[in-house]
Amino acid sequence: MPTAAETLIARLQADCTAAEAAERSVRANVEAQIQAAERARAFAWRRLSALSDMARVAALEPDREVAVERQLEVLFREIGWIEGGLAELAESARPLIDWLRPIAEALHAEAHPARAEPDGAGAPPAQEPPLTDPIAAFRAFEAWYEAERGEAFLQVYERYMPATPVVEF
């Protein structure tokens, strides 16, 4: 039969064990929240980088088809998938281009809005694509890519950097 002191100590030890388990749970939750926030921050900056580079190219080129091609080249060059043109991409990249082309077209349309005619007609030419929100379209592309490939598209910006020895001269 345990003594009163032993029972008291056993209860206090159980409290300690429960408190340690609760602390581990809180730490794990906080760590998961921090990792999610870090990923969201990193992806927001990568999204900014990708779309701002594409928007700059769109603004510089008045011809829509040329602008779209150059925007896609800039994006794929930035992530390291090509060095020259889109022809370097494998056939498996075709769905990506199909998703990204409307984004590039929307960026071009924002940079070069259709001018209103003097008689007030102002309707854009028939060959212009409907205006899309490029940010919403890019997020939809990201969701498709993750569902299709099992990883986030913006993850492709992470490149392994091998350790470099420091040499002092």
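Start by selecting Glu65, which is partly exposed at 44% relative accessibility; here buried means under 20% relative accessible area, exposed over 50%, and partly exposed in between, with a 1.4 Å probe and protein chains only. The model is a predicted one, in which local features need pLDDT of at least 70 and side-chain atom pairs count only at pLDDT 80 or more, while totals for chains, interfaces and linings use all residues. Residues are numbered from 1 along each chain as its sequence is written, and side-chain values use heavy atoms, leaving out hydrogens and water.

**Charged pairs**

The term covers a side-chain nitrogen of Lys or Arg within 4 Å of a carboxyl oxygen of Asp or Glu. Arg64 counts as buried, with 16% relative accessibility. Glu105 belongs in the view too, as salt bridges with shared partners join Arg64, Glu65 and Glu105 into one network. The whole structure holds 9 salt bridges.

Next, select Arg39 and Glu146, a salt bridge with its closest N and O atoms 3.8 Å apart. This pair links distant parts of the chain, with Arg39 in helix α1 (residues 4–60) and Glu146 in helix α4 (residues 134–149), 107 residues apart. Helices (H or I, at least four residues) and strands (E, at least two) are DSSP runs, numbered from the N terminus. Arg39 is partly exposed at 37%, and Glu146 is partly exposed at 39%.

Then go to Asp53, which forms a salt bridge with Arg56 at 3.1 Å between the closest N and O atoms. Asp53 and Arg56 are 3 residues apart in helix α1, so about one helical turn separates them. Arg56 is exposed at 52% relative accessibility, whereas Asp53 is partly exposed at 23%.

**Whole fold and core**

Switch to a cartoon view: the protein has 4 helices and 0 strands. Of its 169 residues, 27% are buried.

Now select Phe76, Leu100, Ile103, Phe138, Phe141 and Phe153, the residues with the most contacts inside the largest nonpolar core, which has 31 residues. At least two residues of this core come from each of α1, α2 (64–78), α3 (94–111) and α4. Such a core is a set of buried Ala, Val, Leu, Ile, Met, Phe, Trp, Tyr and Cys residues joined through side-chain atoms within 4.5 Å.

Centre on Leu100. Leaving aside neighbours within four places in sequence, Leu100 is in contact (heavy atoms within 4.5 Å) with Leu72, Leu75, Phe76, Phe138 and Phe141.

**Aromatic rings**

Rings of Phe, Tyr and Trp (its six-membered ring) pair if their centres lie within 6.5 Å; planes under 30 degrees apart count as stacked, over 60 as edge-to-face and the rest as tilted. By this rule there are 10 aromatic pairs. For one of them, select Phe141 and Phe153: the ring centres are 4.8 Å apart and the planes at 70°, so the pair is edge-to-face. Phe141 lies in helix α4 and Phe153 in the segment after α4, 12 residues apart. Phe141 is buried at 0% relative accessibility, and Phe153 is buried at 1%.

To finish, select Phe76, Trp81, Trp99, Phe138, Phe141, Trp144, Tyr145 and Phe153, which form one aromatic cluster.
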